[in-house]
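Student: I'd like to learn how to read helix packing from a model. Could you walk me through an example?

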Amino acid sequence: MLILAPLAAALTLDDAWRAAERGSDEAALVAEQYRAAATIRGAAWSLVSPKLVLRGSYTRNDEQLTFDPSSLIPEDFSGLVDAGDPIVVRPLQYADASVSVIQPLFSGTAIPLLRAAYAQVAAADADRRVQLRAIRKGVATAFWGALVARQGVVIASAASDSAERHLALAREQVALGL
């Protein structure tokens with residue numbers, strides 16, 4: 001135990017605080033809760049923000065369907081009427097795409113939701129600060145407790161040395177018959 005005491009002195013209180021904040025599950029949890037609350041703020045803003053919608057599709061059919069109007073005209077009249085080119089009713093393949101921008105003009109629920117989202121972020125931040133202060137308090141308590149214990153070891157060691165010297169003196173006095 002006495003071998004580890006000099007190592008404890010090499011760590012400052014600031015170093016201990018930083019190490020506890022980096023390695024603490026509680027600090028990681030409240031930091032994640034703060035990040036989650038911050039995403040709610042973004043979701044609330046999405047109610048009033050413009051939205052860009054991209055849509056696209058590609059279709060490949062098993063066969064192409066065509067309609068040839070000339071096939072309906074009897075051969076006797078085919079020279080009199082121009083039926084035109086065959087019409088593709090269903091192409092073998094085709095693609096479709098559209099782009100839209102949607103801007104809400106009014107959202108009655110957006111303002112209260114935005115206020116609530118900002119309040120939730122503020123509460124998560126306050127909770128994060130409280131948790132970090134609690135971690136720091138625990139570290140400081142342990143740090144100062146270790147220093148007091150170390151001083152106690154020094155004092156106890158000095159007392160033990162003094163008692164051993166006192167015992168040696170008492171034995172000398174007994175040996176001299178005093």
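Tutor: Happy to! Keep in mind that this is a predicted model. Two packed helices are described by the angle between their axes and the distance between the axes. Here, helix 3 (residues 25–45) packs against helix 4 at an angle of about 170°, and the two axes lie 8 Å apart.

Student: How should I name that arrangement?

Tutor: Angles over 145 degrees count as roughly antiparallel, so helix 3 is roughly antiparallel to helix 4. As for the residues of this contact, 17 are nonpolar, three polar and five charged.

Student: Now helix 2: which of its residues are buried?

Tutor: In helix 2 (residues 13–23), the buried ones are Leu-13, Ala-16, Trp-17 and Ala-20. Looking down the axis of helix 2, you find these buried residues within an arc of 100°, so they line one face of the helix.

Student: Which exposed residues are on the face turned away from the buried side of helix 2?

Tutor: That face carries Arg-22 and Gly-23.

Student: And what covers the buried residues of helix 2?

Tutor: The cover includes helix 4 (110–176). Take Trp-17: leaving aside residues up to four places away in sequence, Trp-17 touches Arg-136, Val-139 and Ala-140.

Student: Which residues make up the largest nonpolar core?

Tutor: That core has nine residues: Leu-13, Ala-16, Trp-17, Ala-20, Ala-27, Ile-135, Val-139, Ala-140 and Phe-143. Helix 2 and helix 4 are the elements that give two or more residues to this core.

Conventions. Residues numbered from 1 in each chain as written. Predicted model: local features only at pLDDT ≥ 70, side-chain atom pairs only at ≥ 80, totals over all residues. Heavy atoms only, no water. Buried < 20%, exposed > 50% of the residue type's maximum accessible area, 1.4 Å probe, protein only. Helix = DSSP H or I, 4+ residues; strand = E, 2+ residues; numbered from the N terminus. Arc of directions from axis to C-beta. Contact = heavy atoms within 4.5 Å. Axes fitted to C-alpha atoms, helices over the stretch in contact; angles between N-to-C directions. Parallel < 35°, antiparallel > 145°, perpendicular 65-115°, else oblique. Nonpolar A, V, L, I, M, F, W, Y, C, P; charged D, E, K, R; others polar. Core = buried A, V, L, I, M, F, W, Y, C linked by side-chain atoms within 4.5 Å.
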